[in-house]
Amino acid sequence: MNQDLLYKYFKGNATIEEEKQILDWVDASDENRKTFQKERMLYDIALFSNEKQSIHANNKARIIPMLKWTTRIAAMIAIVWGCGFLFKDYQYSRLAQLQTVTVPAGQRAQITLADGTKVWLNSESSLIFPVNFVGKERVVQLTGQAYFEVQKDSLHPFIVKSRNLETRVLGTSFDICSYPDMAETSIILVEGCIQATAYHRKAILHADQQLTLDTLQQKMSITDIDAKLMTQWKDGILRLDNQNFNEMLDKLSRWYGITFVNNASIDSSDRFNGKFHREDIQEAMHIISLSANITYTIKQDTIFIHPK
């Protein structure tokens, strides 16, 4: 595929025919898709290298754009992307003992910690972690949602502290969802075994299980699930299962970084299921309008929902 045509597409200047040509080429093979993602990554980094650097308050790290995306540092790498798998590489200053990565609405981030643990942060999430792990435990603090692939170390447990919940592992893959505005906190275990502690009670979780913590009633429950399907958000796919209309709008708002104004009255007993990729919100809203029997109007970053 011609690089000039790809860059024209990235800039949003491609014609409908050119867009179709590119998308057909991407779908033709995995190799084409990987080439597309790499070119998009390089294009986005080139754009970011021209942005102004900023220093965050409260001991947050100074973010320095990296001109070569292949460069890696021992401490960590953060890769932040928006719609369409846009990637940005950041190198973090080692001046502060603790670092904070905060992901805005509509974006996600991937971080590699000092011990080799990989973390995917979902929209409107933040992670506080040390530049280097010292002592007997590896402790991080999460607000929001994250997927962890923990580097195995039997001598140094990995601990995630989130709202009213502490998760302890030695080396495994799991997802934690703990947004402050949600009544429930959950852990999904993909592989291995973890110990969760909340309100002075402990629970052991095994692969393909989900622990749900009701923060209002202070109760824990464990159910069997398909963990890989439930954690596809880190691969750019949002799955909604048995959600009421308002719950669905809340998740879509975070996923796409937009605001909903709901003027429709949808019965709370109505349940919705869906799978949404990180493409244009128009496609998602078209599907929702058909299933929920509503109409909508998009004005910049706000979607107004109306009864049909």
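Of the contacts between residues at least 6 apart in sequence, 47% join residues at least 24 apart; a contact means heavy atoms within 4.5 Å. The model is predicted, so local features need pLDDT of at least 70 and side-chain atom pairs count only at pLDDT 80 or more, while totals for chains, interfaces and linings use all residues. Residues are numbered from 1 along each chain as its sequence is written, and side-chain values use heavy atoms, with hydrogens and water left out.

The protein chain holds six helices and 21 strands. These are DSSP runs numbered from the N terminus: H or I of at least four residues for helices, E of at least two for strands. Buried residues make up 44% of the 308 residues. Buried means under 20% relative accessible area with a 1.4 Å probe, protein chains only.

Now turn to the largest pocket. Its space is about 950 Å³. A pocket is an open set of points on a 1 Å grid over the protein atoms alone, where a 1.4 Å probe fits, with protein on both sides within 12 Å along at least five of seven lines; lining residues have an atom within 4 Å of a point. The volume is the space filled by probe spheres set on the points, which are joined across faces, edges and corners. The lining has 37 residues, and Cys177, Met182, Ser186, Gln243 and Lys251 are the closest to the centre. Strand 17 (237-243) and helix 5 (245-256) are among the elements that each supply at least two lining residues. The lining divides into 14 nonpolar, 12 polar and 11 charged residues. Here Ala, Val, Leu, Ile, Met, Phe, Trp, Tyr, Cys and Pro count as nonpolar, Asp, Glu, Lys and Arg as charged, and the others, Gly among them, as polar.

Look next at glutamine 243, in strand 17. Glutamine 243 is buried, with a relative accessible area of 12%. Its side chain makes a polar contact of 3.5 Å with the side chain of lysine 251. A polar contact is a pair of N or O atoms within 3.5 Å; within protein, one must be able to donate a hydrogen and the other to accept it, and residues adjacent in sequence count only if both atoms are side-chain atoms. A polar side-chain atom of glutamine 243 also lies 3.1 Å from the backbone oxygen of aspartate 241.

Helix 5 comes next. Asparagine 244 caps its N-terminal end, with a side-chain oxygen 3.2 Å from the backbone nitrogen of asparagine 246. Among the buried residues of helix 5 are Phe245, Leu252 and Trp255. Glycine 257 follows helix 5, and its phi is positive, near 70°.

Key
Buried means under 20% relative accessible area, exposed over 50%, partly exposed in between (1.4 Å probe, protein chains only).
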